[in-house]
Amino acid sequence: MAELHIIGQIIGASGFPEKTLFCKWGIHTGEAWRLLSGLKEGQTQVDSPQIGDIAYWSHPIDLHYATKGLQGWPKIHLEVWHQDSFGRCQLYGYGFLGDDFDEKEGGRETEKQSEILLTAARHLNSAQFTCSCVIQRIMQHVYRAVNIHTSI
Amino acid sequence: MYLFYSLQIQVGKGLPTAEEAFNFFTLNFDPDPPDVIETSSRRRQKQRKTTDEDEEHEDVDEDIQEENETQSEEAPLVQTQEDLFVIDQSPQDFLEIRKAEYVGYQKLLQLQSELLFTPSFRTVPTSIKLPENMKPRYLEDEGLYVGERPPVSLTNENILENRILKMEEKWFGDDGRIIALPNPIKESSTRPPLFHMEEALDPALQTVYRKAVKSKYANLYIAGAADPEGDYQLDVDVSGLIFSHHPLFSREHILGARLAQLYDQYLTRQRNNLTGHLTDKLNGLRNALRNMLESHSGLNPTQCFSKYYRSTRHLRDSEQEKDRTLLKNIVKVWKEIKALREFQKFTNTPYKLYLRRENVDRVSDEQDYEDEILAEVVELEAETEEEYQNKLAEYKKRLEEWKLCRKKQDVSESEGPTDEPPPKPEPPERPDLGSIEQWVREKALRIRRKPGEAILIPELSASANITASELCPRAEKARREDVARRSLFTKILYNDKEVSRTDSRSLNTDFRVHFGQIFNLKIVNCPQSISLQVFEEIGSSCSLLAQVFLPVPEPSVVTGSVPLEEFEFSSNQRVMFDHEGVGSDVPLSFEADGSNKQSLLTSGKVSCCVSWGIGDDDVPLAPPISQQPGGVHSGKGHLDAVSYIGASGLYDMKKIGEWAKQSRLDPNDPKNASIMQLLKVASSGEVTAPEYFRLEHLQEEFNFVTDEELEKSGRFRLLKLRNQEVAEFRNYKFIPALEREVTDTVFQEYEKRLKEGEVIDTKEHLDSHRALVAKYLQKIRESVINRFLLAKHHYLLSDLVTEEEIPTIGILGINLFKLAEPKRPLKPQRKERKKVTAQNLSDGDIKLLVNIIRAYDIPVRRLQSKHLIVPFRAALGFPTRYSTKSNLILLYTSSRVRPFVEVSFQRTVLQTATADGPNPCWNEELQLPFSAPNGDYSTASLQSVKDEVFINIFDEVVHETNDKNRGKSIQTHIEKRWLGSVKIPFSTIYSQSKIEGTFKVNTPAVLLGYSKEKSHFTNSGFDILRSLSEGTFITLFITVDPQLVPGESVREKFDTQEDERLLQASERFERDAAQRYPDRPCITTVIDLSGKTVFITRYIRPLSPPKELLDEFPNNPLEATPLVARFVSLIPSLPDQVSLSATCDLWSTCDQFLTLLAGDEEEHAVLLCNYFLSLGKKAWLIIGTAIPEGPTAYVLTLEQNLYLIWNPSSGQFYGQYDTFCPLQAVGCLVNADNVWFNIQQYTSPMRVSFDITKANLWKPFFSRTFSHPGLSSIQPEELVYRRTDRAAAAELQDRIERILKEKIMEWRPRQPTRWNRYCTTTLKQFLPKLELIRGQDVAEGHRHELQSLLGDYRISGFPLNLVFSEIRPIIEAVYSTGIHSVQASNVEFALAVYVHPYPNNVMSVWIYLASLVLT
């Protein structure tokens, strides 16, 4: 039995056309993973920075998973939204952080959409995200495999 | 000592080492040599023996001595007490010195052999290892697969076998050897050996650093192409092309091509030699059949075989026929060519056909031929005969049927025609055996060589001379010129994009083009299609002739290993020429009469091959298999099987089959099980991908724990439950990190609760109705709790960010001014205590401070004299002064009560010192520790603390009894007698943060042995006011240290049906009120039981009280008022905050309240107010604060210009100017029409004017600007009451009595509990009377009666009146009086219970407790 702690925060975003931003996030796992505690999805507050370009959220993420297998490592997906002065929300970009929490770009849609998404993905590059994993008590024979995943 | 020993040994051996020498001189040890000690101890033993004898110790057992004699070594040195204290004994006397025990090696071995089993290493005979009467069976000899066993040395194996035999376990296989898995060790190492640690590594094994590079291609590209240099290479070899028809063909060319084609066909047939093969087979079968017929005369088993034989013969015949036609055709085409050449007088093609004859021996050939025919004829005859017999049998059968049918019809003819008669079966014709032979002969003539005829072998050569152009006619010349002008090239298209093209080559006269070019394609995309386009060039213009699609090669197909393949192509272009060229898609005929027209299309063959290139190091430059489109999605079984045996890349099933055949896989080898399975499936032709789709299809294989284990884990369960905030686990701080530290007991309570959720336990509740109500309440509670748990996670900014207020100049100025203030130590000012937030508290931090200041009017003991009868007059109704007093008694009062106060809270009991007199002053502070449930000090948890602070006043009575046995001494008994109590719930203290004031003590209506006295010696002015009210009072100050921040109300928006405008107005009204008078409660909207916001005035509506209550006073409805109030007060009280664990007040309507039979002050007040309204009184709801309840609701009535304030929970009423009215502040008044907020200067009811018409004193909610919108009431029109069953009440009464008696006996485990029956029956008579007068006062007569009856008993006791909700509070109330703790030996008890039923199951419970001591 192995346990995984995901502790981190969504720091903020910059480089979008507007500065008033918030972020929706969620963590997806394979079917072998069980959430023990913590919230696996959420939404940050809207930050409208008066100084600087970066909208800071500093939104904490704290999850505790148990797993019976190694496939389907948690992935986090982020959506950056803009809220305008009328309270309307608009999607500005989205992206995935893959199973080793290495950054990857999303988008496999139709041609028309992918153009929007590409710009979106470019913006999302500037959404910062820190995360650390703590792995507890992996059984001996799978220990090496886990190391491969987390040493990145 | 030990050291000394070793030293001795060393010395004996030789010189000491330096270290030993050092030790010798520096260490402080006893120099006594061991033999000296030995002797001295022995000596002492002897001495002791003698002393034993001398002193004649009879107590010393003789067997001890014997023991000493036998085991003198182990005997204790000190035998007697005296020896221990002999002074002149040295430390050696207490030590026992023994030699180190040594057991000889042989002896040790012997001992061990007894204990241990050492398996022998001799070979075990096979017969022992196998079950009896069984021979060893060698599977390998039987041809079954047996894996290679791992090498074990023979000795070890023998030892193991011997051991297993001893253990008697089944570990031996059929061959008498230990069952073993095949050797898992691979023959060769999978890693390259690294022998040269220091030297330079083999360059091939040198590690190369490569920077991680992201895939630069999208998913369309081959993933994993991490190495930009090593892209994949596809080699396309275009060798050349041959036209089988071209528009420029002349007629001769066509025939020539046909001839070549036929000849090719002939060659392949010849090579395969199917005819010969089939003939051999036929002969073999024939022989076998003959043998079979000879050996078995039966027919049936051979039927199947003969059928097979027959089909083989048919096959052979058709093949023979084909051979023969082919040969004929070749000859025919050649003849045509020759005719054509002669006709046109020139030759265009180089083909020349020779027919080689092979002569045969005519005689033997004929013989063979005849034999063959005869054999066939015989066989055919037999077959036809058999067939005929079969048919005949069937015919007979059918004839029988037909006859039967016929008969039936004859019988049933009279009934009319029913069925058409089945036609009469025809008898089968007898086959003509004579014609068979003729038929066979014809056939043989047609398909076989004539006997004796030479065998013809055609040979085609291209040796004919082509006539030169000059000699040809003009049309032919033009054709040849046209051919010469044309040239061809091919384009290579990869994924429909041109990547390369061959050189242009001119068309030869033989219509063959040779390119001989190889193209190396470096690819990054996955190959989707590879095609060649053949172009024809005439001059500068070129046209597409045809397109050839080439298959994408398998990854195992690499350059050099693949032969050229020919791909056919054709084009349906129509081309016509005016010269000899026949064109394409043009009908033409070779017959003279123009019949049998054919139209030929341009067609041909391209010979080329596609393969994967090979890199420098012989690595195929092919993409990995998984990237190969197609063939991958065939399920995991497929993948596994192939990759397991290391034959990756073999995707073609046929190839796998071939490979399996070649490599001679052992079908029994378990390693090959999967591939065998695969081949079996493949050969049956059903290789289909599984029909399901799975994301993680290898999940099962990689699991290291099963689902069940994961579910079973206690730790995970605990974590999950804590996360879900289940009540039992919500406040778990630490969850053990190890599974074994989580005990099952943790879950027991939770599981029990889950189990009990469905079952309603009626036993615990004494009353089934109440049990149901309790369940219902529990459900409401849970749903509300869940809502609040959700709401708790909605945070505001202020919850997360605490910003210290920046001090302004004003505040700074005040602080500075304070410094200059004169210090006045004698007038200390109250300092604001620091508030502590709940989360950083732990056990022991919180203390409850109870300051008991003083008490008034405590009842005093009555003199135990028969002569003094105290006249006592009851006062009914409104409080009045006591009119007459007995002066005699007054003399004794001051010393006749010694009260002390006992405070109990959370099982801690503290008491004050004992004071003297009915108006004692203690002024004592008691500190009681507080611990929150589960160690959870969160606001929600603290609010839900249900504990109450019990403040009991006792009288300390000292008895002096003369013990008759002892005579002189006097024993003093201290006895405490309960006088009254005050209960304050902790939730009130928590929400109020402090409670200060004078409280009325709940005293029993009658206190046996005590009387209420009026002190005449008090002279303070306060007493005048106090005397207005009767009863005992106590002044208290209670607070919590440190001060806790009370929880805020939940900010959740509830659904509502109210008008939006009304809600806004009410919000504004409340906000204004809170701003101007923050300490005055103001409520305009409340939440009902379903969680909806309701305007408060909707709750007020006149509702008639139960008829029974009014019937008691038919003449004067005003008299019924106190009875109605009592009825309301008898409904059990249950604060919402405690039950719902949040600062949310739920208001139930009156019918809900009466059904639930539980509610807090608001419900009581609303019900009482509604009753009063129906009685025709002017009544309002007062929203205010009271002690000890805190914010609460009271009822105000106007009677004869006098305002009365009713406490709905106790049924008491107070005048407006009553000092001891618990109501402290009036916030607002509510009736059905309006809400008025108090905007007067004061809040105390004494100083408030209740005239609501004055707008400057009371601010109305509905005014002229915002008129009452006509809100309908949510109360029912009428309340329905059920009469309570008297029998049920009587039963309840008995049960309570029985339980209480048991409990009292239980509380007195050490003393016998005697019950005075006589007293009990007397007491029982009082109780209904007490209920009748509602416990207001008691008729003195009864007491005197009791007193006179009991005579010599010293009696103390009291009746308790309780509201019935559950049995537990009753038991607790009885326990808290401490009546059971009377220590006197001759005490007797009396207990009487009376339950008075009111409508709707409202019960008033009276318990009369008394203790009697015989004086």
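Predicted model: local features only at pLDDT ≥ 70, side-chain atom pairs only at ≥ 80, totals over all residues.
**View 1. The largest nonpolar core.** This core has 72 residues. L848(B), I951(B), I1034(B), I1296(B) and I1407(B) are the members with the most contacts inside it. Helix 35 of chain B, residues 1286-1307, supplies the largest share of the core, 6 residues. A second, separate core has 52 residues, including A1125(B), L1154(B), F1172(B) and C1228(B).

**View 2. The surroundings of I951(B).** Leaving aside residues up to four places away in sequence, I951(B) touches V901(B), E902(B) and V903(B), among others. Its contacts also include G980(B), S981(B), V982(B) and I984(B). I1034(B), L1036(B) and I1038(B) are touched by I951(B) as well. Both I951(B) and I1034(B) are among the residues with the most contacts inside the largest nonpolar core.

**View 3. Helix 35 of chain B and its two sides.** The 22 residues of this helix should span 32 Å at 1.5 Å a residue, and its end C-alpha atoms are 31 Å apart, which agrees. Buried in the helix are A1289(B), L1292(B), Q1293(B), I1296(B), E1297(B), L1300(B), I1304(B) and W1307(B). The face turned away from the buried side carries the exposed residues A1287(B) and E1306(B).

**View 4. Packing against helix 35 of chain B.** The buried residues of this helix pack against two helices of chain B, helix 36 (1317-1332) and helix 38 (1367-1377). They also pack against strand 38 (1387-1398) and strand 39 (1402-1414) of chain B.

**View 5. Strand 30 of chain B and its partners.** With strand 31 (residues 1190-1199) of chain B, strand 30 pairs in the antiparallel sense over 9 bridges. The two form a hairpin with 3 residues between them, and L1181(B) stands opposite V1195(B). Strand 30 also pairs with strand 34 (residues 1223-1230) of chain B, in the antiparallel sense over 6 bridges. There, I1182(B) has L1229(B) as its bridge partner.

View 6. The structure holds 0 disulfides over all chains. C1169(B) is in none, and the nearest cysteine sulfur, in C1150(B), is 9.2 Å away. C1169(B) is buried, with a relative accessible area of 0%. For C1228(B), the closest cysteine sulfur is that of C1082(B), at 4.6 Å, which is too far for a bond. C1228(B) is also buried, at 0% relative accessibility.

Conventions
Residues numbered from 1 in each chain as written. Chains lettered and ligands numbered in written order. Heavy atoms only, no water. Core = buried A, V, L, I, M, F, W, Y, C linked by side-chain atoms within 4.5 Å. Buried < 20%, exposed > 50% of the residue type's maximum accessible area, 1.4 Å probe, protein only. Helix = DSSP H or I, 4+ residues; strand = E, 2+ residues; numbered from the N terminus. Contact = heavy atoms within 4.5 Å. Expected span 1.5 Å × (residues − 1). Disulfide = S-S within 2.5 Å. Pairing = 2+ DSSP bridges.
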